[in-house]
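The following report describes selected parts of one protein model, going from a sheet to a disulfide and then to the elements around it.

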Amino acid sequence: MPAQKPMPAYQRRAAKSPLQFNANGTFQISVFSDLHFAEDEAKDNKTQNVMSNILSIEEPQLVVLNGDLISGEATQASNSSAYLDRVVAPLVDRSLLWASAYGNHDSEINLDPEDIFRREKNYTNSLTQKMVSGPTAGITNYYLPIFEHGASNNTDPAFILWFLDSQGGHYPKTADYNGTSVPRQDWVDESVVEWFTKTNTKLVSTYGKPIPSLAFVHIPVFPMRAFQVTGVSPTSEPGINNERVQQQGYASQGGYDAQDYPLIRAILNTTGLVATFSGHDHDNDWCFKWNSQLPELNFTGNGVNMCYGRHTGYGGYGDWARGGRQILLDQQSLESDMRSWVRLEDGSISGNVHLNATYGRDRYRLVDRNTTSGQEGLGPQYLNLVYLWVFMFSLFMSTVRS
């Protein structure tokens, strides 16, 4: 009897990934960005409440923790990675699967992202992986396949989720001769970009076709800044646009040296990539479709959507209502139309959009940018009409009474 061939690597990974579309052909992801646990116990409790409130409404098949799970600068070496238990408690309580992409605050002198990863892997519901080795690669570089409902794991995946580590922060347990912590590069390393490109090429070859996909990376890439300079429309790209995009490689002093250009090039060359999702800038939560030439970029967009999540945690800066971005995949329109919205902590919805061929030209209601209550209010022009109507009605009633 001939020896059985070993299972291909992609099938071995698939066997560990129970991700499947629902019987109705949908798959929902809840994204929590910038949780920033460890700064204050009261804030941590409020953050857990935000997560719990959202999850009780949305009931996703997967939760993505998209960076800055822990504020490493607020920890002590003796307890730093233990905060991961608080981060995932709302997910464990609901037996939800999750996957992480670490952020810049997840690596500090007292917080080693390797320790976070090891602690995550103690949980059977964690799908976080490390597929790229090397001193400058970071940790959370991997992909997860999603299969059709009821399909076996040796069939073609219907969708791919990419996770890339944009690093940043400071090297753990390392200081210079002055005792100052040493900064880490804050961009996706070229070794990871090479892995990303080669792996996608291999997947296309293996399955004989491009597989639709999304990518999660904590720090956004420069096209988001370039688009912001041109003007984010509150009706075509609804959401909060309240701070400068701080892209990979950006430094307020010292400038930007295009460190993320290899990743940008790879994003444009990844056939089937529908959208990227980032966090990092707490006061931004808009999306845009990159389908043109942008200022200061030598690349022309191919229609990929680039989105922010929503600041979820009560740690970190920012006064906007907390929430989490939702992504709804539908097998009938995986590459042509994807719904996304932000569920806020009070249960309301903000920025409910269709990332389709006409996104960027379609018109949406304005997001209320003047309140932290979490309500998606009427735009100022509509509020003025309401106030005018109330005034006219009051004037009419006073005339009737007289």
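Two strands are taken to pair if DSSP finds at least two bridges between them, and helices (H or I, at least four residues) and strands (E, at least two) are DSSP runs numbered from the N terminus. The model is predicted, so local features need pLDDT of at least 70 and side-chain atom pairs count only at pLDDT 80 or more, while totals for chains, interfaces and linings use all residues. Residues are numbered from 1 along each chain as its sequence is written, and side-chain values use heavy atoms, with hydrogens and water left out.

**The six-stranded sheet**

Six strands form an open sheet in the order β3-β2-β1-β12-β13-β14, and their pairing is mixed. Because β3 (97-100) and β14 (349-356) each have a single partner strand, they stand at the edges, and one side of each is left without a neighbour in the sheet. On average, neighbouring strands of this sheet are turned by 20° against each other, direction ignored; axes here are lines fitted to C-alpha atoms, for helices over the stretch in contact, and angles run from 0 to 180 degrees between N-to-C directions. Within the sheet, β1 (residues 26-32) pairs with β2 (residues 62-65) in the parallel sense over four bridges, and Val31 has Val64 in β2 as its bridge partner. Helix α3 (residues 83-93) packs on the sheet and touches β1, β2 and β3, its direction making about 175° with that of β2, where contact means heavy atoms within 4.5 Å.

**The disulfide and its strands**

The bond joins Cys287 to Cys307, with an S to S distance of 2.2 Å, and the torsion about the S-S bond is about 115°, so the disulfide is right-handed. The pair links distant parts of the chain, since Cys287 lies in β10 (residues 287-290) and Cys307 in β11 (residues 304-308), 20 residues apart. Both cysteines are buried, as the table shows; buried means under 20% relative accessible area, exposed over 50%, and partly exposed in between (1.4 Å probe, protein chains only).

| Residue | Relative accessible area |
|---|---|
| Cys287 | 2% |
| Cys307 | 0% |

Five of the five residues of β11 are buried, so this strand is largely enclosed by the rest of the structure. From β11, Val304, Met306 and Tyr308 point one way, whereas Asn305 and Cys307 point the other way. β11 pairs with β9 in the parallel sense over four bridges, and with β10 in the antiparallel sense, also over four bridges. Asn305 stands opposite Ala275 and is also the bridge partner of Lys289.

**Helices α5 and α7**

The axes of α5 (residues 190-207) and α7 (residues 261-269) come within 9 Å and cross at roughly 10°. The two helices are therefore roughly parallel to each other, given that angles under 35 degrees count as roughly parallel, over 145 as roughly antiparallel, 65 to 115 as roughly perpendicular and the rest as oblique. Glu190, Val193, Phe196 and Thr197 of α5 make the contact with Pro262, Leu263 and Ala266 of α7. Buried residues of α7 include Leu263, Ala266 and Ile267, and what covers the buried residues of this helix includes α5, β9, β10 and β11.

How values were computed. Disulfide = S-S within 2.5 Å.
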